[in-house]
Amino acid sequence: MIAAALAGTPGDTIYLTGAEPSHLGDAFLEAFRQTGAAFTLDGDTVAVTVPERLQAVSIETAPYPGFPTDLQAQWTVLLSQAEGAGFVRDTVYPDRFKHVPELMRMGLQARVEGNTVFLEGPQRLQGAHVMSTDLRGSVSLVLAGLVAEGETHVLRVYHLDRGYENLEGKLSAAGIAIRRESYDEFATPTPESAEEN
C-alpha cells in the first residue's frame, strides 16, 4: 500500500491481490487514510487510489493493534514524499533507525532524537549505493529507490529475502524497473568500482 501511494500515478488505482486486510490493523489504516491515499478492502484485494499529494501524518508505534513497528521504516520514506512536517516515534524498539543514515546517503534530510525521527517533505531523493542493515530497513531502501532520481543499488538484500518473497518480481510486474544482480561483497574493490561507489 505504501509503495503504491509513493510510486503510483496520481488518480490511478492499484490493486494488491492475495492480501490479508485483517492483519493491517486499524492504526495503520487510519494513518494511511489521513495521508490522502484512498483505499478499499474487498476480500483478499486492497485497492489503493494514488492521491495528487501525500500529506504528512506522524505516527507512534505500539503493540498490536497499534501502529506496527515493522512499518516505521517504510513510513519514514512515505513522510519524505509527503507535504508537511512529521515524525516517526518507535516505542517498541527505540533504537530501530539504522535505515536513516542509509536514506541520508540518498539525500534524505532528517533528524533522529532518541526514539524519534523528524523530517519534512516533500524531499528529492537521489539514487545511491545503500546498505541493508535489517529486514524492514531493506524494504525502506527499495521504496526510496522507487521515488529517487537515477539508479539505486541496494546491497545485502539477504536481509530483505527473509520477509519479502520475490519482491523484485512483484514490483517488476507492476511496471517498476528493478532487477537483482549478484556481487561479491568481500571482493577487493577495483579502481573502477571504487569510482562507482
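Tutor: Happy to! Let's start with Glu83, which forms a salt bridge with Arg53, the closest N and O atoms being 3.2 Å apart. A salt bridge here is a side-chain nitrogen of Lys or Arg within 4 Å of a carboxyl oxygen of Asp or Glu. Glu83 sits in the loop between H3 and strand S5 (84–89), and Arg53 in the loop between strand S3 (45–49) and S4, so this pair ties together parts that are 30 residues apart in sequence. Helices (H or I, at least four residues) and strands (E, at least two) are DSSP runs, numbered from the N terminus.

A word on the ground rules. This is a predicted model, in which local features need pLDDT of at least 70 and side-chain atom pairs count only at pLDDT 80 or more, while totals for chains, interfaces and linings use all residues. Residues are numbered from 1 along each chain as its sequence is written, and side-chain values use heavy atoms, with hydrogens and water left out.

Back to Glu83: with a relative accessible area of 33%, this residue is partly exposed. In these terms, buried means under 20% relative accessible area, exposed over 50%, and partly exposed in between (1.4 Å probe, protein chains only). The count of salt bridges comes to 11.

Another of them joins the side chains of Glu60 and Arg89, at 3.5 Å from N to O. This pair links distant parts of the chain, with Glu60 in strand S4 and Arg89 in strand S5, 29 residues apart. Glu60 is partly exposed at 44% relative accessibility, and Arg89 is partly exposed at 23%.

Those two strands belong to an open sheet of four, in the order S4-S5-S7-S6, with mixed pairing; strands pair if DSSP finds at least two bridges between them. S4 and strand S6 (110–113) are the edge strands, each with a single partner, so one side of each has no neighbour in the sheet. S6 and strand S7 (residues 116–121) run antiparallel and are joined by four bridges. Glu113 stands opposite Thr116 in S7.

Next comes Asp70, whose side chain meets that of Arg136 in a salt bridge (3.1 Å, N to O). Asp70 lies in the loop between S4 and H3 and Arg136 in helix H5, so the contact ties together parts that are 66 residues apart in sequence. Asp70 is partly exposed at 31% relative accessibility, as is Arg136 at 24%. Through shared partners, salt bridges join Asp70, Arg96 and Arg136 into one network.

What about the helix that carries Arg136? Of the 13 residues of H5 (residues 135–147), 10 are buried, so this helix is largely enclosed by the rest of the structure. Among the buried ones are Leu135, Gly137, Val139 and Leu146. At the start of H5, a side-chain oxygen of Asp134 reaches to within 3.1 Å of the backbone nitrogen of Arg136.

The loop that holds Asp70 also holds Phe67, a residue that counts as buried at 4% relative accessibility. The rings of Phe67 and Trp75 have centres 5.3 Å apart and planes at 75 degrees, so they pair edge-to-face. For rings of Phe, Tyr and Trp (its six-membered ring), a pair needs centres within 6.5 Å; planes under 30 degrees apart count as stacked, over 60 as edge-to-face and the rest as tilted. Phe28, Phe32, Phe39, Phe67 and Trp75 form one aromatic cluster.

Methods: Polar contact = N/O pair within 3.5 Å; in protein donor to acceptor, adjacent residues only side chain to side chain.
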